[in-house]
Amino acid sequence: MMPALNALDFESAKVELGDNFLLLGSDAFLTDLVTDHVRIELKQKSDADLVIIYGDEARSAQINDLLDTYSIFSSAKLIIFRNAEALKKEELDCLAAYFQSPSEQQSLVVVAEKIDARVSGWKKIKDACQNVICDPPRYSGLMAPWLDRTLAKMGKTMAPAAKSLFVNRVELDYANANNELAKLVILTGDKKQISQADVMRGIGSSRVGTKIDFFRALGKRQVKDGLVLLDRMLASEFKPLQVLSMLNQFFLSIYLILLLKKNHISSSEISSKYLNDLFPSQRPEFLGFANNYTLPQMRRVFSLLLDTDSKIKTSMGSDAVLLTTCILKIMETA
């Protein structure tokens, strides 16, 4: 088995039809980075057809048909197995059996957040594939290599102080950091070097960091922290209706989780299938936040949000007072 690759090193990897990959980790941005590179390479070199299958929906007969290269309809194929950690034993064994004699006319990319390598099926798959690690960054320093490579591809540079400021102000999430960097590139126009002042102007006081901290205060029903963060947002570039939109976004996610739990959907299934608007790293937190609310409370919460929206739009008082009152009443909802 070849040594595992970091997803950030994968863009320079040579990919040929017949190569197979196991992507391990929860960072959706990195898994997309790897799968896009494989897809583009195999489309250009072999005109490979793309097929996507999901582990929580796959059945062994379907997997067998898909992997059958002797079908009259077969051609060069790239098959991506998403949510592969959800494969049942029969389906996992079926997939693992394929790697005893893999075809040179198709490539497989198996994507899983985590696996138990002690299980026979997973051991066979892991040993037969090039392993690629797609873990989210655990601390800001890990984002520096990604930033350097992305800047080089964009034809931009940053002074060391600007880089340090950037990686410490964006959330620990490659997708969000990529979006923030794209905004900075637009902001700086034809300038080759992005300065510390550009980063400060473009990202301010960590909008996303403030946002997730605000969500955490709401989720844990921490009144004081929530109001401090509200004041901080209103004192920076946030508009009152933006804050209200964040409140709506947060409680819609909580409402969805509560509804799904009422219908006996497991936390793992909710996280993997229904919370696509949240970063993967945030989904476990939101599942925890939902434990601090109930479905009956949601009617009162949305009524307060609607009333506050109407009062802000008709200037029926100070925006800060209206939002503060709204948050206090939400937190006091029994």
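Mentor: We'll look at a pair of helices, then at pockets and a cavity. Keep in mind that this is a predicted model.

Trainee: Let's start with the helices. At what angle do the axes of helix H6 and helix H8 cross?

Mentor: Picture each helix as a line, then ask how the lines sit. H6 covers residues 160-169 and H8 covers residues 196-203. Their axes come within 8 Å and cross at roughly 20 degrees. Angles under 35 degrees count as roughly parallel, so H6 is roughly parallel to H8.

Trainee: Is the crossing of H6 and H8 right-handed or left-handed?

Mentor: Right-handed.

Trainee: And which residues make the contact?

Mentor: On the H6 side you'll find Ala161, Ala162, Leu165, Phe166 and Arg169. H8 brings Gln196, Val199, Met200 and Ile203. Sort the contact by class and you get seven nonpolar residues, one polar and one charged.

Trainee: Which residues are closest to the centre of the largest pocket?

Mentor: Ala28, Arg82, Asn83, Ser272 and Arg283, out of 24 lining residues. Helix H1 (28-46), strand S5 (106-112) and helix H12 (267-273) each give two or more residues to that lining. H1 has the largest share, with four residues.

Trainee: How many residues of the lining of the largest pocket are charged?

Mentor: There are 10 charged ones, alongside eight nonpolar and six polar.

Trainee: What about the second largest pocket? How much space lies there?

Mentor: About 430 Å³. Its lining has 19 residues, and Glu85, Glu113, Ser268, Ser271 and Ser272 lie nearest the centre. The elements giving two or more residues to this lining are H12 and helix H13 (283-289). H12 gives the most, with five residues. By class, the lining of the second largest pocket has eight charged, six polar and five nonpolar residues.

Trainee: How many cavities of 30 Å³ or more does the structure hold?

Mentor: One. A cavity is a space where the probe fits but cannot get out, while a pocket is open. The largest cavity has about 30 Å³ of space.

Trainee: Which residues line the largest cavity?

Mentor: Ser26, Asp27, Pro136, Leu172, Asp173, Pro280 and Ser281. That lining divides into three nonpolar, two polar and two charged residues.

Technical notes. Residues are numbered from 1 along each chain as its sequence is written. This is a predicted model: local features need pLDDT of at least 70, side-chain atom pairs count only at pLDDT 80 or more; totals for chains, interfaces and linings use all residues. Side-chain values use heavy atoms; hydrogens and water are left out. Axes are lines fitted to C-alpha atoms, for helices over the stretch in contact, and angles run from 0 to 180 degrees between N-to-C directions. Angles under 35 degrees count as roughly parallel, over 145 as roughly antiparallel, 65 to 115 as roughly perpendicular and the rest as oblique. A crossing is left-handed if the near helix is turned anticlockwise from the far one by less than a right angle, and right-handed if clockwise. Contact means heavy atoms within 4.5 Å. Ala, Val, Leu, Ile, Met, Phe, Trp, Tyr, Cys and Pro count as nonpolar, Asp, Glu, Lys and Arg as charged, and the others, Gly among them, as polar. On a 1 Å grid over the protein atoms alone, a cavity is a set of points where a 1.4 Å probe fits but cannot get out, and a pocket is an open set with protein on both sides within 12 Å along at least five of seven lines; lining residues have an atom within 4 Å of a point. Grid points are joined across faces, edges and corners, and a volume is the space filled by probe spheres set on the points.
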